[in-house]
Amino acid sequence: MSETNERMLDRIEAAWALFRAAVDTLGVTGLETRLRQGWTAKELVAHVAFWDEAVEGAVTGLFRHQESPGLELRQRICA
């Protein structure tokens with residue numbers, strides 16, 4: 001792995017460590033706190049977790065010049 005890739009992975013891991021630490025400080029009760037946007041902290045964490053999982057496949061597909069798995073469904077719905 002190149003030094004640039006290693007630095008990028010280190011930065012990503014450092015950002016996740018900060019995120020996890022912030023979530024840990026909330027505790028169970030804090031996760032139920034409603035934020036200004038209307039979501040609870042727990043819903044926001046679930047949203048972040050979903051996109052963390054989803055983005056890997058989407059980015060990989062882009063680099064492989066593959067269509068998004070949901071593209072066909074969106075096209076049928078919007079037709």
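Let's start with E3 and R7, which form a salt bridge in this predicted model. The closest N and O atoms of E3 and R7 are 3.9 Å apart. As for how open they are, E3 counts as exposed because its relative accessibility is 60%, while R7, at 47%, counts as partly exposed.

Now look at where helix α1 gives way to the loop and then to helix α2. E32 and K42 form another salt bridge, and here the closest N and O atoms are 2.8 Å apart. E32 sits in the loop between α1 and α2, whereas K42 is in helix α2 (41–63), so this pair ties together parts that are 10 residues apart in sequence. Both partners are partly exposed: E32 has a relative accessible area of 44%, and K42 comes in at 43% relative accessibility.

Next, find E43, which forms a salt bridge with R34. Their closest N and O atoms are 4.0 Å apart. Is R34 buried or exposed? R34 counts as exposed, because its relative accessibility is 54% and the cut-off for exposed is over 50%. E43, in contrast, has 38% relative accessibility and so counts as partly exposed. Across the structure, the count comes to 4 salt bridges, and the pairs we've visited, E3 with R7, E32 with K42 and E43 with R34, are among them.

On to the aromatic rings. How many aromatic pairs does a search of the whole structure find? The search turns up 2. One of them is W16 with F19: the ring centres are 5.4 Å apart and the planes stand at 90°, so the pair is edge-to-face. To find it, go back to helix α1, which covers residues 3–31. W16 and F19 both lie in that helix, 3 residues apart, or about one turn of the helix.

W51 is partly exposed, with a relative accessible area of 48%.

Technical notes:
Residues are numbered from 1 along each chain as its sequence is written. This is a predicted model: local features need pLDDT of at least 70, side-chain atom pairs count only at pLDDT 80 or more; totals for chains, interfaces and linings use all residues. Side-chain values use heavy atoms; hydrogens and water are left out. Rings of Phe, Tyr and Trp (its six-membered ring) pair if their centres lie within 6.5 Å; planes under 30 degrees apart count as stacked, over 60 as edge-to-face and the rest as tilted. Helices (H or I, at least four residues) and strands (E, at least two) are DSSP runs, numbered from the N terminus. Buried means under 20% relative accessible area, exposed over 50%, partly exposed in between (1.4 Å probe, protein chains only). A salt bridge is a side-chain nitrogen of Lys or Arg within 4 Å of a carboxyl oxygen of Asp or Glu.
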